[in-house]
Amino acid sequence: MTATAIHAEAAAPQPGRPLIEVQDIVKHFGPVIALAGVSLTLDAGEVHCLLGDNGAGKSTLIKTLAGVFRPTSGEYRVEGEPVFFGSPRDALDRGIATVYQDLAMIPLLSVTRNFFLGREPVKWRLGPFSFIDMEHADRIAREEMRQIGINVRDPQQHVGTLSGGERQCVAIARAVHFGAKVLILDEPTSALGVAQTSMVLKFVRQLRQKGLGIIFITHNVRHAYAVGDRFTILNRGRTLGTFKKAEITLDRLQTMMAGDKELQVLDEELGGTV
Ligand SMILES: Nc1ncnc2c1ncn2[C@@H]1O[C@H](COP(=O)(O)OP(=O)(O)OP(=O)(O)O)[C@@H](O)[C@H]1O
Ligand SMILES: [Mg+2]
């Protein structure tokens, strides 16, 4: 199969059905309760931001969605169908891709090799040997980057020579190219400066317009508010609520996170009597 053929498989979201629905997801690690009953939905063409302090359960939740963890209990549906993922491969097969910050790229490999990572288009095969069609691969990588406004001078240049924002965009574009309809972005802007952040947020908006569903995890309420359609705040394995953008101001969102943090500190100081 050529890479172009793979591209054609990309998502056609089914109208009316959430791409993802989880209900009352519980996850225990031995005695630790990482998730104590979390519910969340993600629609096509939506950016759903997942906010929360350290240890709130964000990573556990997205790893459960991505097939890394099996929930202790709870329901998980993809486009209305109950799913039981045994591995991240199962989730990918359903079009659910996760881009983990920093782990996304191999700096000493070229832009093209990073884009395909073992799925390069093959020119011809001879017994166990296959020969990559590098020209074709370069063309696809360059074109995909061009579409998001990044001019890669030479797709054979090391990914390490790109800026942080560009690298993050390559990782996201790769997931989309290979058929993702749900993108889970884990802190995609946390290590980036203003211009780089704005590049990534612009790309996220572009993908929303294409009809992808995006779960955007961040500590930064401003970044979330700039792209989010809905916001779910996690706290100690529970949701403090889900809000549409029209229902909550940036200030209120910030206060909810900060205010809750203060309460926690108070709670601990007073020995759980608050
Ligand atoms: N593999 C594991 N084994 C045991 N406990 C775990 C494991 N993974 C997470 N936990 C615990 O579950 C809770 C939630 O952790 P999680 O990593 O999901 O939080 P987070 O919101 O992603 O935090 P951060 O913002 O620091 O990344 C924490 O108390 C954590 O210690
Ligand atoms: Mg985390």
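In this predicted model, the side chain of lysine 58 puts an N or O atom 2.7 Å from an oxygen atom of ligand 1. Threonine 60 brings a polar side-chain atom to 2.5 Å from a ligand oxygen atom, while glycine 57 uses its backbone instead, with an N or O atom 2.9 Å from an oxygen atom of ligand 1.

Now for the helices. Two packed helices are described by the angle between their axes and the distance between the axes. Take helix α5 (residues 134–147) and helix α6 (residues 164–177): their axes come within 10 Å and cross at roughly 110°. Angles of 65 to 115 degrees count as roughly perpendicular, so that is how α5 and α6 sit relative to each other. The crossing is right-handed. On the α5 side, Ile140, Glu144 and Met145 make the contact, and they meet Cys169, Val170, Ala173 and His177 of α6. Sorted by type, the residues of this contact are five nonpolar, one polar and one charged.

Helix α6 also packs against helix α7 (residues 194–209), with axes that come within 8 Å and cross at roughly 20°. That makes the pair roughly parallel, and α6 passes α7 in a right-handed crossing. Among the α6 residues that meet α7 are Cys169 and Ala173, both of which also take part in the contact with α5. The residues of the contact between α6 and α7 come out as eight nonpolar, four polar and one charged.

Methods: Residues are numbered from 1 along each chain as its sequence is written. Chains are lettered from A and ligands numbered from 1 in the order in which they are written. This is a predicted model: local features need pLDDT of at least 70, side-chain atom pairs count only at pLDDT 80 or more; totals for chains, interfaces and linings use all residues. Side-chain values use heavy atoms; hydrogens and water are left out. Axes are lines fitted to C-alpha atoms, for helices over the stretch in contact, and angles run from 0 to 180 degrees between N-to-C directions. Helices (H or I, at least four residues) and strands (E, at least two) are DSSP runs, numbered from the N terminus. Angles under 35 degrees count as roughly parallel, over 145 as roughly antiparallel, 65 to 115 as roughly perpendicular and the rest as oblique. A crossing is left-handed if the near helix is turned anticlockwise from the far one by less than a right angle, and right-handed if clockwise. Contact means heavy atoms within 4.5 Å. Ala, Val, Leu, Ile, Met, Phe, Trp, Tyr, Cys and Pro count as nonpolar, Asp, Glu, Lys and Arg as charged, and the others, Gly among them, as polar. A polar contact is a pair of N or O atoms within 3.5 Å; within protein, one must be able to donate a hydrogen and the other to accept it, and residues adjacent in sequence count only if both atoms are side-chain atoms.
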